[in-house]
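Here are my notes for your read-through. Please keep the model open while you go through the points.

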Amino acid sequence: MEQEVRVRIGPSPTGDPHVGTAYITLFNSIFAKQRKGKLVLRIEDTDRNRSKLEWENMICDSLKWLGLDWDEGPDCGGPYGPYRQSERGDIYRKYAEELLDKGAAYRCFCTSEELSEIRTAQRAAGSPLGYDGRGRDLSEAEIQANLDAGKPYVIRLKVPRPGTTTVNDALRDPIDFDNGQIDDQILLKADGMPTYHLANVVDDYLMKISHVIRAEEWISSTPKHVLLYDAFGWDKPVFMHMPLLRNKDKSKISKRKNPVSINYYREAGYLPDAILNYLGMMGWSMPDGEEKFTVEDMLREFSPERISLGGPVFDVQKLTWLNGLYLREESSDALLATIKRELLSDEKLAQVVPLVHERMEKLDDFISQTAFFFIGDLSYDEAAMKAMVPKKRTPKDARANLEALVEKIDTLGELTTESAKASLDAVMEENGLGPRDILLPTRIAVTGTKASPPLFETMGVLGKEKVRRRLRNAIAALKALPS
RNA sequence: GUCCCGUUCGUCUAGUUGGCCUAGGACACUGGCCUUUCACGCCGGCGACAGGGGUUCGAAUCCCCUACGGGACGCCA
């Protein structure tokens with residue numbers, strides 16, 4: 001009997017909804033639907049320090065906005081739950097114990113400090129980085145003594161050495177790894193939570209995942225997963241590693257060099273269908289070469305053989321062209337509805353009106369005074385550029401200050417009046433700046449002009465994506481100035 | 001540094017069972033047409049098989065080496 005196709009996506013709720021997540025979700029979704037299989041959404045929130053429910057919700061909302069949906073997940077349940085890894089701790093601990101019993105794993109009592117010392121030494125010596133296995137062969141007595149002493153420990157995979165581990169990837173030739181090259185990966189952290197590697201293998205097994213479609217960055221840790229499947233005696237899923245989305249300079253797509261938040265694209269006026277279409281042509285193409293296609297077209301024509309492995313550069317310009325195609329083919333009525341929903345919603349207008357209310361003399365002042373809330377990127381005229389550099393400061397200083405602010409805002413879940421104020425205050429405090437060093441430059445960067453509504457409220461209404469994008473643009477513009 | 005993956009126009013790609021490839025399309029750029037203007041649309045231009053060795057009658061397509069790019073090397077995922 002043919003095994004049911006079950007695939008999964010495992011976003012980690014530690015940041016804004018990422019285009020890379022949407023990209024991988026698209027291909028998983030297409031693959032599953034095409035084979036009458038199921039797509040599982042599993043929240044990989046084993047990093048307790050960085051995971052937030054707020055982000056989980058944002059990720060789900062974004063995917064749904066794009067029109068991507070799943071069959072099983074924390075929101076809709078399913079037969080193999082819970083679908084949040086933070087709620088599956090006991091399961092992982094049980095399997096980690098099993099590995100211990102089988103001799104495929106061991107307790108390691110090394111401290112974090114000890115480990116970073118090892119790494120530093122290795123780096124200095126130019127030798128391969130990785131755990132040196134010093135805790136591998138502790139005697140029963142030593143282990144018991146450590147346990148009795150209440151020393152914290154982690155559980156590590158005991159990679160069989162010597163040996164070779166082969167990874168089969170549906171898109172590539174078999175890949176051989178020398179086991180000497182594979183680290184004794186930590187499986188269970190000192191806080192009792194599993195690392196990605198353990199959680200993934202255990203969950204994929206328990207959730208009956210048949211195909212693992214994920215990004216290429218995982219190839220080098222796949223042998224660890226293979227070793228785990230073998231240690232448990234489980235069948236392995238089919239691995240399929242998609243090429244990585246890239247920045248212009250070919251590095252892995254990142255927020256410093258590219259807008260990567262789905263929220264950004266939403267707020268910048270892109271349509272879900274256009275985004276999905278564009279993502280679909282990253283590493284894949286229609287047999288007839290057609291570049292404009294729908295998810296239904298993809299469903300009909302998708303085949304893994306047509307995936308090309310070179311890492312595609314995410315080109316916003318081409319996305320924009322595609323988006324224009326979609327926009328223009330809508331009827332005016334439909335477009336009107338879209339504009340009212342995404343751009344000029346009552347909700348949005350209700351936020352904006354109070355901010356300009358008291359400075360209005362004629363109704364149409366509203367348009368000129370609030371245009372910057374609605375348009376995408378701003379351009380800065382000469383006066384604006386000049387005013388972004390505070391007196392007695394250089395453009396370089398101005399850039400550094402705005403940069404500090406961007407970084408602060410990046411750590412925020414949502415930008416609100418309060419968090420905007422807090423961020424600005426923190427940047428001033430941490431960098432020894434006065435209000436004049438940062439407030440006016442920020443105002444101009446964010447609104448394009450010296451005269452605008454109260455800054456914190458304005459930033460809150462503009463939202464995180466527009467604010468950080470504009471700050472980045474302002475920083476880039478300042479670079480052109482002689483320092 | 002070590003291991004791994006990848007490599008066709010600036011970018012996304014077609015090409016996959018070697019000949020139909022003097023390498024096709026799209027974005028961008030650019031010339032023109034249409035148009036009161038702009039945009040759309042249409043027509044044209046620019047522009048690539050990383051390099052070197054093989055194998056073969058014949059290689060973008062197969063093999064090897066080199067180069068370059070990227071990824072991984074976390075008690076992050």
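**Notes on chain A**

1. Start with Lys 208. Lys 208 sits in the loop between helix H6 (196–206) and strand S8 (211–215). Helices (H or I, at least four residues) and strands (E, at least two) are DSSP runs, numbered from the N terminus. Phi of Lys 208 is near 55 degrees, a positive value in a residue other than glycine. Its relative accessible area is 44%, so Lys 208 is partly exposed. The cut-offs are under 20% relative accessible area for buried and over 50% for exposed, with partly exposed in between (1.4 Å probe, protein chains only).

2. Some ground rules. This is a predicted model, in which local features need pLDDT of at least 70, side-chain atom pairs count only at pLDDT 80 or more, and totals for chains, interfaces and linings use all residues. Residues are numbered from 1 along each chain as its sequence is written, chains are lettered from A and ligands numbered from 1 in the order in which they are written, and side-chain values use heavy atoms, with hydrogens and water left out.

3. Overall build. Chain A has 20 helices and nine strands. Its C-alpha atoms fill a box of roughly 80 × 55 × 40 Å along the principal axes. Of its 483 residues, 50% count as buried. Take the contacts (heavy atoms within 4.5 Å). Among those in chain A with a separation of 6 or more, 74% come from residues 24 or more positions apart.

4. Surface and charge. Chain A exposes about 23,500 Å², and carbon and sulfur atoms supply 51% of that area. Areas come from the Shrake-Rupley method with a 1.4 Å probe; for residues, only the protein chains shown count as cover. There are 67 positive and 75 negative side chains in chain A. Lys and Arg count as positive and Asp and Glu as negative; His and the chain ends are not counted. The centres of the two sets lie 4 Å apart, with each charge placed at NZ of Lys, CZ of Arg, CG of Asp or CD of Glu.

5. Where is Arg 88, and what does its side chain touch? Arg 88 lies in the loop between helix H2 (53–66) and helix H3 (89–102). Its relative accessibility is 2%, so Arg 88 counts as buried. The Arg 88 side chain makes a polar contact with the side chain of Asp 203 (2.8 Å). A polar contact is a pair of N or O atoms within 3.5 Å; within protein, one must be able to donate a hydrogen and the other to accept it, and residues adjacent in sequence count only if both atoms are side-chain atoms. Leaving aside neighbours within four places in sequence, the contacts of Arg 88 include Tyr 80, Pro 82 and Leu 206.

6. Check strand S1 (residues 6–9). Both of its faces are covered. Arg 6 and Arg 8 are buried on one side, Val 7 and Ile 9 on the other. S1 pairs with strand S2 (residues 38–41) in the parallel sense over four bridges. Pairing requires that DSSP finds at least two bridges between the strands. Ile 9 stands opposite Leu 41 in S2.

7. Helix H7 (residues 222–232) is mostly covered, with nine of its 11 residues buried. Among them are Lys 224, His 225 and Tyr 229. Gly 233 follows H7, and its phi is positive, near 80 degrees.

8. Finally, two loop details. Arg 161 and Pro 162 are joined by a cis peptide bond, with omega about -5 degrees. Pro 162 is in the loop between strand S4 (154–157) and strand S5 (164–167). Lys 392 lies between helix H15 (382–388) and helix H16 (395–410), in the loop. Its relative accessibility is 90%, so Lys 392 counts as exposed.
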